[in-house]
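Reader: I am new to this structure. Can you show me how to read it, one feature at a time?

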Amino acid sequence: MALLQISEPGLFAEPHQHRLAVGIDLGTTNSLVASVKSGSPACLPDEQGRTLLASVVNYGKDGVIRVGSSAIARQNDDPSNTISSVKRFMGRGINDVADLATPYRFVDEPGMLKISTRAGIKSPVEVSADILRALKTRAEQSLGGDLVGAVITVPAYFDDAQRQATKDAARIAGLNVLRLLNEPTAAAIAYGLDNGSEGTYVIYDLGGGTFDVSILELTRGLFEVRATSGDSKLGGDDFDHRIYCWILEQAELSALNAQDARVLLTRAREAKEALSDHPSTRITAVLREGVVVDVELSVETFHEITCTLVSNTITPVRKALRDAKLQVSDIKGVVMVGGATRMPQIRHAVADFFKQEPLTNLDPDKVVAIGAAIQANVLAGNKGDDEWLLLDVIPLSLGLETMGNLVEKIIPRNSTIPTARAQEFTTFKDGQTAMAIHVLQGERELVSDCRSLARFELRGIPPMVAGAARIRVSFQVDADGLLSVSAKELSSGVEASIMVKPSYGLSDDEISNMLSDSMKNANADVQARKLAEALVDASSIVNATQAALASDAHLLNTQELSHIENSLATLQSSMQALDANAIHAATEKLNEITGDFAAKRMDAAVKCGLAGQNIADFKD
Ligand code: ADP
Ligand code: MG
């Protein structure tokens, strides 16, 4: 394995000096920053000793930007300049959030939505940057120095735009992003599952306004997300709302003004949190018109009014298991994440469903930040006595041979390891029952210009029409640089795999030659790819046409038949001449001419299918 030595800007330090790195959980409701100090990870508190920073930003009349509880304090009086849950808007357009009720003045512009505030037009990236800046300041004060970087967590389902937006926010806040890390993976790292035995784990994350469930599979120190599911409108806030409605009913109150409603919602939230470790709680408030609220809520009543919410979280759990094709009995452990999982009824429901006690010994609202801090500490080079940050990267791309002698890159060069990628392929011929997998290394487009690493075969694919089989090929490079490739046909589950040592025998010179070759030959490669692709398309239509003629030529009159045969011959001769443009044109032509034939075959097949059945068979 080539271990490339990389020094990241800003990471220079004296040997053995501890580099200050943090993990940040940038949450929808609450955000936290954590760091590894004297070997153990901890969340860093603000001056009042609070670790949670509410993810709320107020752009004040006095020009001051407030973040956290001081921003919440202004929410009532200044709703349109107090932005909460901005994470929901990251990397999103205005149409994506049309169904969210918010008091904000959105600016209708193409691209990511923007919010008009007193401090100017703000993109969600800038609002998030304000939250990150507050955490950065807190960390620097608490740790007493400049940070070399941060690991920032994102939900596993975040797409590229949302991840990029998160990175941009960090850059604006002056943070060097060591890596974005999936929230469920961070939670698993916090529990040390990456050091433990291999297996499949469920991460159940019930936050303030969102519910996420992820299934992670741990193999050789590497987590792979097998499935994610959830409900973007289900969280602790909904439990508050149920209590709020219950209070209105008990106190015989009707519609409240916004201020009173907010007061009662805050009381409801406090009551909910109290009921996590008390059998009952008293809720009192004095509303605007002097109306006094004074009610007692027992845990039994609380459970009654929220039991549908609890069971609503199980539906996405079932879906994730189904998507990952797993049973409850396949799950090795369940990790509880998010403040709302402190509610005992949630823990019971999860324990009942999985028939095992979930892991709860770490603080559920801190686990993500803790896991990120552990990862940041490793990436900053504080583990081991290496003077440099050593990042293992893959020196050359790894890929597969596809039809036409072409290489499809699966893991691009310079990917940091460990890493895993998968891609789906399909069969090329009707009834194809085996598929050759040829693993290649290099940057060039053609198989002959890359280095062959291994070949193996996936057998036992059930016979299907061409293009119907779904073959998922997974490439996995572990922390030691060992590549394993597996292929699985998804409908039947047949599987084959092989382990390869990727860069074995390649010297650094060879690597740099292969790289400069790939640049020099870029143009020739494009031409070669064009021809190869044209040939693939052409032979697929040639095969299909020959098969159709063999079985259904009787549906054509002589003229139609000779028409098809002629253009088939034209295509075949252009294929022999290896002229990409001519092949392309002849393929199009044959495609066009055989259109009617395809329709006739379809009609014939339908008629044939109906024959011998009576109408009663079609009732349902
Ligand atoms: P997010 O990931 O969305 O930022 P958190 O994980 O911080 O959110 O969870 C916030 C939610 O957790 C809020 O609804 C809060 O009321 C709830 N919560 C916090 N502590 C408790 C508790 N002791 N009992 C019940 N719910 C709690
Ligand atoms: Mg969270």
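Author: Let's start with one residue. This is a predicted model. Thr587 lies in helix H13, which covers residues 580–593.

Reader: Is Thr587 buried or exposed?

Author: Buried means under 20% relative accessible area. Thr587 has a relative accessible area of 11%, so Thr587 is buried.

Reader: What does the side chain of Thr587 reach?

Author: The side chain of Thr587 reaches the backbone oxygen of Ile583, at 2.6 Å.

Reader: Now a whole helix. What span should helix H12 have?

Author: Count 1.5 Å a residue. H12 has 20 residues, 558–577, and should span 28 Å. Its end C-alpha atoms are 29 Å apart, which agrees.

Reader: Which residues of H12 are buried?

Author: First the general idea. An α-helix has 3.6 residues a turn, so residues three or four places apart point the same way. Now the case here. In H12, the buried residues are Ile564, Ser567, Leu568, Leu571, Ser574 and Met575. Look down the axis of H12: these buried residues fall within an arc of 125°, so they line one face of the helix.

Reader: Which residues are exposed on the other side of H12?

Author: Thr558, Gln559, Asn566, Gln576 and Ala577 are exposed there.

Reader: What caps the N-terminal end of H12?

Author: Asn557 does. One of its side-chain oxygens lies 3.1 Å from the backbone nitrogen of Gln559.

Reader: And which residue follows H12?

Author: Leu578 follows H12. The phi of Leu578 is positive, near 55°.

Reader: Let's turn to the ligand. Which residues come nearest to ligand 1?

Author: There are 17 residues around ligand 1. Thr29, Asn30, Lys272, Glu273 and Ser276 come nearest.

Reader: Of what classes is the shell around ligand 1?

Author: Sort the shell by class: two residues are nonpolar, 10 are polar and five are charged.

Reader: Which helices supply at least two residues of that shell?

Author: Helix H5 (236–250) and helix H6 (258–275) each do. H6 gives the most, with three residues.

Reader: Which atoms of the protein lie by the oxygen and nitrogen atoms of ligand 1?

Author: Take them one by one. A backbone N or O atom of Gly208 lies 3.0 Å from an oxygen atom of ligand 1. In the side chain of Arg269, an N or O atom is 3.3 Å from an oxygen atom of the ligand. For Ser276, a side-chain N or O atom is 2.6 Å from a nitrogen atom of ligand 1.

Reader: How much of ligand 1 does the protein cover?

Author: On its own, ligand 1 has 590 Å² of accessible area. The protein covers 90% of that.

Notes. Residues are numbered from 1 along each chain as its sequence is written. Chains are lettered from A and ligands numbered from 1 in the order in which they are written. This is a predicted model: local features need pLDDT of at least 70, side-chain atom pairs count only at pLDDT 80 or more; totals for chains, interfaces and linings use all residues. Side-chain values use heavy atoms; hydrogens and water are left out. Helices (H or I, at least four residues) and strands (E, at least two) are DSSP runs, numbered from the N terminus. The expected span of a helix is 1.5 Å times one less than its number of residues. Buried means under 20% relative accessible area, exposed over 50%, partly exposed in between (1.4 Å probe, protein chains only). The arc is that of the directions from the helix axis to the C-beta atoms. A polar contact is a pair of N or O atoms within 3.5 Å; within protein, one must be able to donate a hydrogen and the other to accept it, and residues adjacent in sequence count only if both atoms are side-chain atoms. A residue is near a molecule or strand if one of its heavy atoms lies within 4 Å of it. Accessible areas come from the Shrake-Rupley method with a 1.4 Å probe; for residues, only the protein chains shown count as cover. Ala, Val, Leu, Ile, Met, Phe, Trp, Tyr, Cys and Pro count as nonpolar, Asp, Glu, Lys and Arg as charged, and the others, Gly among them, as polar.
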